[in-house]
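Reader: I have a model open and would like to talk it through with you. Could we go through it together?

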Amino acid sequence: MSQIPASSKLRREYHEELNRLEEQALTGFDLVIRSLDRTVEAVENQDIELAGMVVKDDQQVDARYLEVHQGLITLLATQSPVATDLRLIAALLHVIKNIERMAAQCVNICKVIPLTGHEPPIDPRMIDRIVTMGRQARILVVQARRSFVDRDVDMALNLATLDDEIDICNRECFSLAIEIGDDPDRREWAMTMLLAARAIERIGDNCVDVGEQVVFVVTGLFREYADTSDLPV
Amino acid sequence: MADNPMPPMASEPPTPGTGPAEDFASGGSRIPAWGPWAVIAGTALVLAGFLSLIGFNIALLAVGTVLVSIFIVYLWARKAEGRRQGFDRAITLGIGSLFALAMVPLVSLLYTVVSEGLSRMDPEFFSSSMRNVIGEGGGVLHAAVGTLIITGLATIAAVPIGIMAAVYLHEYGKGRLKRWLTFFVDVMTGIPSIVAGLFAFALFALIFGPGIRLGVMGSVALTVLMIPIVVRSTEEMLRVVPDGLREASFALGVSKWRTVAKVVLPTAMAGIVTGVMLAIARVIGETAPLLITTGAFSSVNLNPFDGRMANLPVFTYTQYKFPGVPPEPFIERAWGAALVLIIIVMVLFLAARLVSRRYGIELRK
Amino acid sequence: MAATSAASAGGSVRSGGVAKRIDVKDLNIYYGSFLAVKDVTMTVQPNKVTALIGSSGCGKSTFLRSLNRMHELISGTRVEGSVTLDGQDIYAPAADPVRVRQQIGMVFQSPNPFPTMSIYDNTAAGLKLNSKRMKKEQMDNVVEKALRGAHLWDEVKDRLDKPGAGLSGGQQQRLCIARATAVEPDVLLMDEPCSALDPIATLAIEELIEELKRKYTIVIVTHNMQQAARASDITGFFNIVQSGDPGVLIELDSTEKIFSNPTLKETEDYVSGRFG
């Protein structure tokens, strides 16, 4: 009987590599959290230097993306993965994209902050909303990471619910911007801040996407959860 | 002599690019191809000269030459090529000598028969019998024809029985019956030919009385001797047919007997024919059984069921054992008959090889 | 068993030729007193390719051979349970194994064309060996149809009288497939048909299988999981716990499911190469 022995070096190395790539991908979440924290702080304090740091450090995320992507493609080519391994690799390919996008959104926010000038005519209500959104987004990112690591379907599905709050805040920002827009001095700033709010809302959506991938890995089924109305009862 | 693929003489300065090959070189120059032969020739000459002084003895010459040559070649090769090659060459020389030794009887036999029998290779020898011949002249026509008839009948009887038995044993047999049959065939391969002759004699004597001599009796004896040979060689040929062919046939929904008849046997046929030819060659020269069954006869007799029939082995024997006066013509005829017999056997062997090569299918992959 | 009817003008061998299904129920296969395969219940779907995978010695070849009673060539084998071809029990006391094998054909791992026969005769062997009376023209049609069906016609049409053994490995295997299909069986069993072939020849055979399933029901045993994944519609996974145990059918499902999301962990472990 020629069973592959449990101690097969080649198979062990393959699975170890897969685990390593997963870990490497997931640390991307940590980078996103760091960027997000700094971004929120930069918005709160209109800190141009901090924003600049975020933009500069984004290349780390891109480098990680390329590295993990290459590793996953290599595994696909050389190991013919099937079943759970295959679903995991497919999910990771999606998730690293989500991570890269989330980091890019932080960069987008940080890029618009300097545009507002050094002493911008701020509206504290707007700032407040955005900071709230940012903090909620942070919770989502942490939970997205956790749900993937633990392969927790319920936690993953819950992300859609958490994302709803961001969406509500985003709509409030929109209304606020319209109101502020009447004032020609603050109009430009309001538009800029709206862009920031939109970017955070995108971060939330990316986290929901990560949740969808978690469900796919565990169940083999893929369903879009655009909002809570799509959730299974 | 043994061929070692080695780089050229190391006495040349190493040229660039031959570095790695040097690792494999064992140093030293090679012995030329004619080297060992020269040693043998030289030793033989020297020993011959030596022996001519004290008393020439060919056996001593041969043994002495071989032993001394081996020793010399070993030393030479060891010095020139290395220890392992030296040993190699010595062994090769030794084995070659043993082979030569084994060939000596065969060559000697052939030489003797050919040289002695050549004198009677004339048309008269092949066209006349011993009818009305007292001294000179005469021929082997009756004996040759008799051998062909007797052996032919034996073949006709033995081949179907032998092949059928082999087919049964290999394709159908199982369990106890197969084991018993195999055992009996094994016993039959060991039957001394005289016993087979006695069996045929007793069989016919029971029916016709003890004085009976018939060509067909000889055939019966030869059949008994041929059957186990045919069975064995056919079995071997059937074994060589890959099981995959049988499986393929069965998988097509072909019954077993059709598979055997139309797939297995045709595939093995060349081998079986070769085996039959070799069996014929084996029994064609059996003297003892024919001596007591067919007797001797001086004229051509084409009817195996009517009286004595001459055949080559018995003819050879009687000519040699009961020469007249003068004995020379008889002895000559004996040698001539022996030569004819050997020629027939050679032809059969050659034919067997030709059949095998032409029609044989390369089955062993 | 459906009787082989007289040849029609089109040169086909039997009427119908509709691919049939095989139903296996509680099949146990014994070598003497040793139980080699235990309690297999499954259905082989018509006009589909069913692949059987599992490690060596887990009984999948034994099981395959029991589907056309080829395992009976080894003495001392017997089965319990039932195997039916479209409802007809192939192990019924009145069933003739020879007739069963005319309906359920087999292709083997090592190509085995008959060495004494030409390509033409090899293809027609199923008919000729059984002494089927047929006009030359009809026989020609059967041979051409079979060789075309095996994607071999163009390569050999000019040398039909040459020996079958003179072809390359891949061609020989296609010849064996042509030989098997010439008798128009209902089911075609294939025991690791590509194991002895190079990748290009393997691909050719896989393409052929894809086409053959339109006419035949096909069961293929393979060691190569990627091949099972590529070439089959349904996959069955056989396994044994340890050496000496009987082989058991662990899971049978659509190929897509087995390789993307198998139900049982044992299957998952096997296909992704995790053991212990």
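Reader: What percentage of the contacts in chain A with a separation of 6 or more comes from residues 24 or more positions apart?
Author: Glad to start there; this is a predicted model, where local features need pLDDT of at least 70 and side-chain atom pairs count only at pLDDT 80 or more, while totals for chains, interfaces and linings use all residues. Residues are numbered from 1 along each chain as its sequence is written, with chains lettered from A and ligands numbered from 1 in the order in which they are written. Two residues are in contact if their C-beta atoms, placed from the backbone, lie within 7 Å. For chain A the share is 80%.

Reader: Which pattern does chain A follow along the sequence?
Author: Helices (H or I, at least four residues) and strands (E, at least two) are DSSP runs, numbered from the N terminus. Chain A has six helices and zero strands. Read along the sequence, the pattern is α-α-α-α-α-α.

Reader: How are α10(B) and α11(B) oriented, roughly parallel or roughly antiparallel?
Author: Axes are lines fitted to C-alpha atoms, for helices over the stretch in contact, and angles run from 0 to 180 degrees between N-to-C directions. Helix α10 (residues 243–251) of chain B packs against helix α11 (residues 256–283) of chain B at an angle of about 155°, with axes 10 Å apart. Angles under 35 degrees count as roughly parallel, over 145 as roughly antiparallel, 65 to 115 as roughly perpendicular and the rest as oblique. That makes α10(B) and α11(B) roughly antiparallel.

Reader: Which helix supplies the largest share of the side of chain B that touches chain C?
Author: In this interface, 18 residues of chain B are in contact with 21 residues of chain C. On the chain B side, α10 and α11 each supply at least two residues. The largest share is seven residues, and they come from α10(B).

Reader: Which residues touch the most other members of the largest nonpolar core?
Author: A nonpolar core is a set of buried Ala, Val, Leu, Ile, Met, Phe, Trp, Tyr and Cys residues joined through C-beta atoms within 7 Å. A residue is buried if 20 or more other C-beta atoms lie within 10 Å of its own, exposed if 12 or fewer, and partly exposed in between, with C-beta atoms placed from the backbone. The largest core has 206 residues, and those touching the most other members are M226(B) and V230(B).
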